[in-house]
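Visitor: I have a structure open here and would like to talk it through with you. Could we go slowly, one place at a time?

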Amino acid sequence: MKIAVLGATGPSGLQLVEQAIQRGFEVTACVRNPQKLPNLSGLQVVKVDITSADELAAAFHGKDAVISCLGTRLGISLWKITFYEDSMQVIVEAMRRAKLTRLVTVTSWCTVSQPANPKFIEYFMKPLLIGRTLDSMARMEEFLFNKAADINYTIVRPPELTKKPFAEKKLVVVEGQFAPAGWLIPRANVVRFMLDCLESSQYDQLAVAIGLAA
């Protein structure tokens, strides 16, 4: 399988690239700064402006799928964040120009407030720390739901990511805002699931929350 990876220089993206190569995928990392990537055998690196649909479309040409690990650093923001919806609109336009439909991307638990969501997230984390980031993720998801019917997307919603090694625990996967599982998950587990989604149609055009069983 030939895949284009966005966000490959980040901590999740780099692990995804490494795991994809181990699976035998032909991997192209589409990055702004190639110098941030280690020299990995089997990795093709293309320098792109991620705000340019033309440059992304050229990088996507001939690929089977796009995986996006693009994101911003979590933290307090006094201003509205639009990174997620803005970047996804460009990605989808580029995919259309490249005649590519399969997309796997990542957001977070609890992008949309619901009564059943964990109260700690709704009443502490969102107001004080991550609310504007989750709002942008939610708008990105809504764009895919409502304006990208031609894109075969899978949206993966994990809890807080850690740097720990892959955890040999059962992965809980549910269609919804959060999973009845632990609140922490290694990035390695998340990216493995994202790659698994490329080799299965089970989660096509769905947004699924994931977590590790307690």
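Visitor: Which residue in S6 is the bridge partner of Val106?

Guide: The partner of Val106 is Val156 in S6. Before we go on, please keep in mind that this is a predicted model, in which local features need pLDDT of at least 70 and side-chain atom pairs count only at pLDDT 80 or more, while totals for chains, interfaces and linings use all residues. Residues are numbered from 1 along each chain as its sequence is written, and side-chain values use heavy atoms, with hydrogens and water left out.

Visitor: How many bridges join S5 to S6?

Guide: Five bridges join strand S5 (residues 102–106) to S6, and the two run parallel; strands are DSSP runs marked E of at least two residues, helices are runs marked H or I of at least four, and both are numbered from the N terminus. Two strands are said to pair if DSSP finds at least two bridges between them.

Visitor: And what does the chain pass through from S5 to S6?

Guide: The chain goes through helix H4 (residues 119–147), making a right-handed β-α-β crossover, where right-handed means that, with the strands pointing away from the viewer, the path from the first strand over the helix to the second runs clockwise.

Visitor: What stands opposite Val156 in S10?

Guide: That is Val208, and four bridges join S6 to strand S10 (residues 206–212), again in a parallel arrangement.

Visitor: Why is S6 largely enclosed by the rest of the structure?

Guide: Because five of the six residues of S6 (residues 152–157) are buried, where buried means under 20% relative accessible area, exposed means over 50%, and partly exposed lies in between (1.4 Å probe, protein chains only).

Visitor: New topic: which residues are buried in H2?

Guide: In H2, the buried residues are Ala53, Leu56, Ala57, Ala59 and Phe60. They cover an arc of only 165° around the axis, so they sit on the same side of H2; the arc is that of the directions from the helix axis to the C-beta atoms. The face turned away from that buried side carries the exposed residues Asp54 and Ala58.

Visitor: Where is Asp49, then?

Guide: Asp49 lies in the loop between strand S3 (43–47) and helix H2 (53–60), and at 33% relative accessibility Asp49 counts as partly exposed. Leaving aside residues up to four places away in sequence, Asp49 touches Glu55 and Leu56, a contact meaning heavy atoms within 4.5 Å.
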